[in-house]
Amino acid sequence: MQIGAHVRDDDPLAAVAEREADVVQFFLSDPQGWKAPKPHPHGEEIKAAPVEVFIHAPYLINVASKNNRIRIPSRKNVTQHADGAAAIGAKGLIVHGGHVGAGDDVEEGLVNWRKLFEREAEKGGFAVPILIENTAGGDNAMTRELDVIARLWDKVGEFGAGFCLDTCHAYAAGWDLATAVEKVKAITGRIDLVHCNNSRDEHGSNRDRHASVVDGDGTIEPELLAEVVRQAGAPVVVETPGEGQAADIAYLRKQLA
């Protein structure tokens with residue numbers, strides 16, 4: 001089982017060594033901005049390193065949106081970050097499911113996701129797999145509820161879309177973590193990456209506040225998180241507080257040995 005962490009983007013390989021990680025995830029640009037990623041100063045080293053690399057897209061991206069000022073730059077940004085991810089040998093680009101506005105029809109957001117893949121397919125497809133991540137809250141979200149995820153996969157599954165399962169988001173959205181992997185795989189046929197995060201808030205809170213897997217203020221039993229990882233059978237990234245990531249990785253590795 002390959003296990004790692006989301007780390008600072010200036011020197012990811014140093015962070016990998018500190019945490020004894022097999023997987024690394026980071027941003028290629030400001031996660032709260034629209035700027036295209038620049039070549040990474042350690043790009044060639046990262047590409048040559050014996051570590052699985054995943055890139056997280058900026059948080060502003062919302063390809064589901066009906067607002068042209070958000071949707072159009074979001075589409076462009078996904079392509080730019082997929083290209084940047086490919087340049088350093090990444091295995092995939094994680095993109096949040098996004099949402100439509102209050103009172104809008106969720107179906108329109110799902111159609112916008114399909115259009116993203118259709119447009120890119122006409123140009124030969126994305127440079128790396130796009131891994132769509134489930135989210136914790138939002139009444140008009142694309143990936144909070146399993147039934148909406150099923151409708152999304154009816155739109156994008158044929159294009160090879162991947163899935164990233166975030167345990168904190170799933171728990172906050174009210175999912176039963178004991179059956180989450182089974183239900184997701186029944187819909188998507190795949191889980192490409194697990195974000196193994198504990199939750200600071202209670203089940204069904206709709207709050208996206210991560211906690212350490214162990215030795216923190218999480219409300220999910222660590223054994224249950226390890227079982228989710230075991231069932232998923234995919235690479236794992238902890239997006240937990242930096243000071244506890246080495247302990248989180250060591251715990252999961254021991255549990256899954």
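How many bridges join strand S2 (residues 23-26) to strand S3 (residues 52-56)? Four bridges join the two strands, which run parallel, and they belong to a closed barrel of eight strands with parallel pairing, in the order S1-S2-S3-S4-S5-S6-S7-S10. The model is a predicted one, in which local features need pLDDT of at least 70 and side-chain atom pairs count only at pLDDT 80 or more, while totals for chains, interfaces and linings use all residues. Residues are numbered from 1 along each chain as its sequence is written, and side-chain values use heavy atoms, with hydrogens and water left out.

**Barrel and strand pairing**

- Along the closed barrel of eight strands, the twist averages 25° from one strand to the next.
- Strands are DSSP runs of E with at least two residues, helices are runs of H or I with at least four, both numbered from the N terminus, and two strands pair if DSSP finds at least two bridges between them.
- Within the parallel pair of S2 and S3, glutamine 25 stands opposite phenylalanine 54 in S3.
- Strand S5 (residues 130-133) runs parallel to S6 and is joined to S6 by three bridges, with cysteine 164 in S6 as the bridge partner of glutamate 133.

**Burial of strand S6**

- Strand S6 (residues 162-166) is largely enclosed by the rest of the structure, because five of its five residues are buried, where buried means under 20% relative accessible area, exposed over 50% and partly exposed in between, with a 1.4 Å probe and protein chains only.
- Gly162, Cys164 and Asp166 are buried on one side of S6, and Phe163 and Leu165 are buried on the other, so that both faces are covered.

**Helices**

- Helix H9 (residues 245-255) lies across strand S1 (3-6) and strand S10 (236-238), running at about 155° to S1; axes are lines fitted to C-alpha atoms, for helices over the stretch in contact, and angles run from 0 to 180 degrees between N-to-C directions.
- Lysine 47 lies in helix H2 (residues 43-48) and counts as partly exposed because its relative accessibility is 48%.
- Leaving aside neighbours within four places in sequence, lysine 47 is in contact (heavy atoms within 4.5 Å) with Ala87, Ile88 and Gly89.
- Lysine 47 and histidine 203 are 156 residues apart in sequence and 39 Å apart in space, C-alpha to C-alpha.
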